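Here is a brief report on one protein chain, written for use beside the sequence and the model. Please read it with both in view.

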Amino acid sequence: MHVTWNQQLVKKENKSLVLNLIINHSPISRADIAQQSGLNKGTVSSLVSELLEEQLIYESGPGESSGGRRPVMLLFNQGAGYSIGLDLGVNYILGVLTDLQGNVVFSKNEKYKNTTYEETLNHVKKVISFLINAAPPSPYGIVGIGIGAPGIVNKEGDVLLAPNLGWKNVSLKAEIEEAFHLPVIIENEANAGAYGEKKFGIGQQFDNLIYVSVGIGIGAGIIINGELYSGFNGHSGEVGHMTIDKNGMQCRCGNKGCWELYASEQSLLSKANELKLGNKGDISLGEILSLAEKEEQSVLVLLEEIGRNLAYGIINIIHSFNPQQIIIGNRLAAAKKWIEPQVQDTIQKFTLPFHQTDINVNFSDLSLPISALGVSAFSSENFLKSKLQVQ
Ligand SMILES: [Zn+2]
């Protein structure tokens with residue numbers, strides 16, 4: 001029989017519907033799938049057979065019955081393959097190996113310092129090789145590699161600009177694909193963090209959220225109606241370069257008074273160094289926070305100011321997007337204890353009343369490798385989409 005394009009599309013959609021019901025409602029019976037999807041039992045049965053054959057799902061013992069024979073239950077085979085996610089920081093690489101549902105099987109943390117692109121690439125490859133070797137046996141093996149990078153990434157996976165890594169126009173995706181012969185996704189680190197929070201972190205209950213990544217620079221990942229919005233060319237979220245003082249300090253982007261000059265980890269470090277708080281003029285965030293722990297007054301004042309400056313940019317974001325949630329993530333989230341009162345207070349004072357209704361301002365839970373989980377989830381989802389293509 002000749003299968004038309006339209007029939008193929010319908011089949012793909014139905015198969016995706018069935019698989020998603022199994023992923024989200026495991027264990028579930030064929031009858032319940034039919035009932036919840038509105039598909040007829042014959043269609044469900046044939047799609048389930050295909051998914052069983054592809055080892056994406058499996059059958060388990062009989063479940064509860066409302067009378068009569070107890071039905072066979074279907075479960076998602078989350079160990080059908082494994083995905084790798086890397087959070088590529090300015091001085092660290094955090095890699096995770098996850099199953100298809102995002103459960104971390106292994107993680108690997110590697111620190112490095114001020115190296116060339118080639119050397120950083122070698123560290124990246126080393127972490128990936130370690131995780132590939134750590135993967136348990138599975139029908140599909142490693143299904144993909146995702147990397148979250150702190151910079152502007154185009155849709156081809158080139159890192160166009162990562163000032164804090166000193167990178168310009170590097171074909172990261174092509175290099176990793178060539179080395180491992182696996183599908184590779186490169187995503188901006190803030191987008192990866194936003195998706196990670198939405199899927200696995202404190203953003204799970206919200207469909208409209210903005211993740212503000214505050215590290216050496218500031219970037220944002222935008223989730224609208226449950227989906228990542230990355231802009232026409234993939235460059236959305238460069239909020240660190242919104243002008244908050246047109247007569248302000250010179251930014252390396254060419255503008256003046258950019259938000260990240262007043263509210264990032266870098267600005268905190270610079271100010272602490274100006275106050276000669278460090279021994280050698282290169283104080284670290286950890287040292288600043290331990291001084292705060294000891295209630296060192298000048299540090300507390302500095303952190304309060306950073307909190308207020310952070311709030312000014314966030315207020316602009318709230319006014320622009322009217323989100324349900326703002327998540328402050330990345331390195332400065334470690335200063336939550338000292339900056340949160342100013343952040344919350346300033347937002348309450350200066351946000352328009354309409355926009356205050358239903359807004360939640362939260363901090364990331366830094367014990368979760370949220371960016372790595374986010375890019376790993378992108379890889380798993382791409383793999384599942386590819387399996388749903390009708391042959
Ligand atoms: Zn700038």
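## Two hairpins

β8 and β9 form a hairpin with five residues between the strands, and G157 there takes a positive phi near 85 degrees. Strands here are DSSP runs of E, at least two residues long, and helices are DSSP runs of H or I, at least four residues long; both are numbered from the N terminus. Strand β8 covers residues 152-153 and pairs with β9 in the antiparallel sense over two bridges. Pairing requires that DSSP finds at least two bridges between two strands. Opposite I152 stands L161 in β9.

Strand β9 (residues 159-162) and strand β10 (residues 167-170) are antiparallel, with three bridges. V159 has V170 of β10 as its bridge partner, and A162 stands opposite W167 in β10.

## Basis of the model

This is a predicted model: local features need pLDDT of at least 70, side-chain atom pairs count only at pLDDT 80 or more, and totals for chains, interfaces and linings use all residues. Residues are numbered from 1 along each chain as its sequence is written, and side-chain values use heavy atoms, with hydrogens and water left out.

## The five-stranded sheet

Which strands make up the open sheet, and in what order? The order is β6-β5-β4-β7-β11, with mixed pairing. β6 (104-111) and β11 (184-188) stand at the edges; each has a single partner strand, so one side of each is left without a neighbour in the sheet. On average, neighbouring strands are turned by 15 degrees against each other, direction ignored. Strand β5 (residues 92-99) pairs with β6 in the antiparallel sense over seven bridges. In that pair, I93 stands opposite E110 of β6.

Helix α4 (residues 117-134) lies across β4 (82-88), β5, β6 and β7 (142-149). Its direction runs at about 155 degrees to β6. Helix α13 (residues 370-387) also packs on the sheet, touching β4, β5, β6, β7 and β11. The direction of α13 makes about 145 degrees with that of β4. Axes are lines fitted to C-alpha atoms, for helices over the stretch in contact, and angles run from 0 to 180 degrees between N-to-C directions. Contact means heavy atoms within 4.5 Å.

## The α1/α2 pair

Helix α1 (residues 5-25) packs on helix α2 (residues 30-37) at an angle of about 115 degrees, and the axes are 10 Å apart. From α1, the contact uses L17, V18, L21, I22 and H25. From α2, it uses I33, Q36 and S37. Five of the contact residues are nonpolar, three are polar and none is charged. Nonpolar here covers Ala, Val, Leu, Ile, Met, Phe, Trp, Tyr, Cys and Pro; charged covers Asp, Glu, Lys and Arg; the others, Gly among them, count as polar.

## The whole chain

The protein chain has 13 helices and 16 strands. Its C-alpha trace spans about 75 × 50 × 40 Å along the principal axes.

The domain assignment, an automatic or database one, gives domain 1 (5-76), domain 2 (82-189 + 370-387) and domain 3 (202-363). Taken over C-alpha atoms, the centres of domain 1 and domain 3 are 45 Å apart.
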